[in-house]
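Reader: I am new to this structure. Please take me through one part of it closely, starting with any charged contact.

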Amino acid sequence: MEIILYLSAAVAAIAFLVLVIYLAKTLKSLQGTLDSVAHTLTGLEKQLDGVTRETTELLHKTNSLAEDIQEKSENLNSVVIAVKDVGHSVQRFNSSIQNITSMVDQQIDKSQDKISQVVQWSNVFLELKQRWNARKTSSVEYQTEGEEILIRKRERANQ
């Protein structure tokens, strides 16, 4: 019986040895996997650092761009306000011109009779002037004809 005990201890020792061998293989395989994971994590860490730097740069550029847009927007607001003021000035100018036009129209309506009288008197004056000029012209022609007749008579007398 002692042999059975030694045999069972030997079988247990062999089984334990097989178990340890398989456990060692499993642990070695696990160590390779963990090394690979560690190597991958190191690569990811480097990539993450690069992405973080690029993200930081992009954020800075975005902030500076937002500030630039804000400044330009404020400048554009002042231009818009100036244009709006010009629009109001033009509206006031148009309103003034309309008021002046309506006042002139009213004055013309009030003095329409006077204007028509002035036009009539102007026509009368022009007609009188034309008659006066016509008389002058006819008297000059008459005088010229008379002088020609006298000249002819003298020539005949001299002949």
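Author: Start with K72 and D68. They sit four residues apart in helix α1 (residues 2-110), so about one helical turn separates them. Helices here are DSSP runs of H or I, at least four residues long, and they are numbered from the N terminus. K72 and D68 form a salt bridge, with their closest N and O atoms 3.3 Å apart. The term means a side-chain nitrogen of Lys or Arg within 4 Å of a carboxyl oxygen of Asp or Glu. By this rule the count is one salt bridge.

The model is predicted: local features need pLDDT of at least 70, side-chain atom pairs count only at pLDDT 80 or more, and totals for chains, interfaces and linings use all residues. Residues are numbered from 1 along each chain as its sequence is written, and side-chain values use heavy atoms, leaving out hydrogens and water.

How open are the two partners? K72 is exposed, at 52% relative accessibility. D68 is partly exposed, at 31%. Here buried is under 20% relative accessible area, exposed is over 50%, and partly exposed lies in between (1.4 Å probe, protein chains only).

α1 and α2 (112-158) each supply at least two of its residues. The largest share, three residues, comes from α1. V119 lies in α2. V119 is partly exposed, at 45% relative accessibility.
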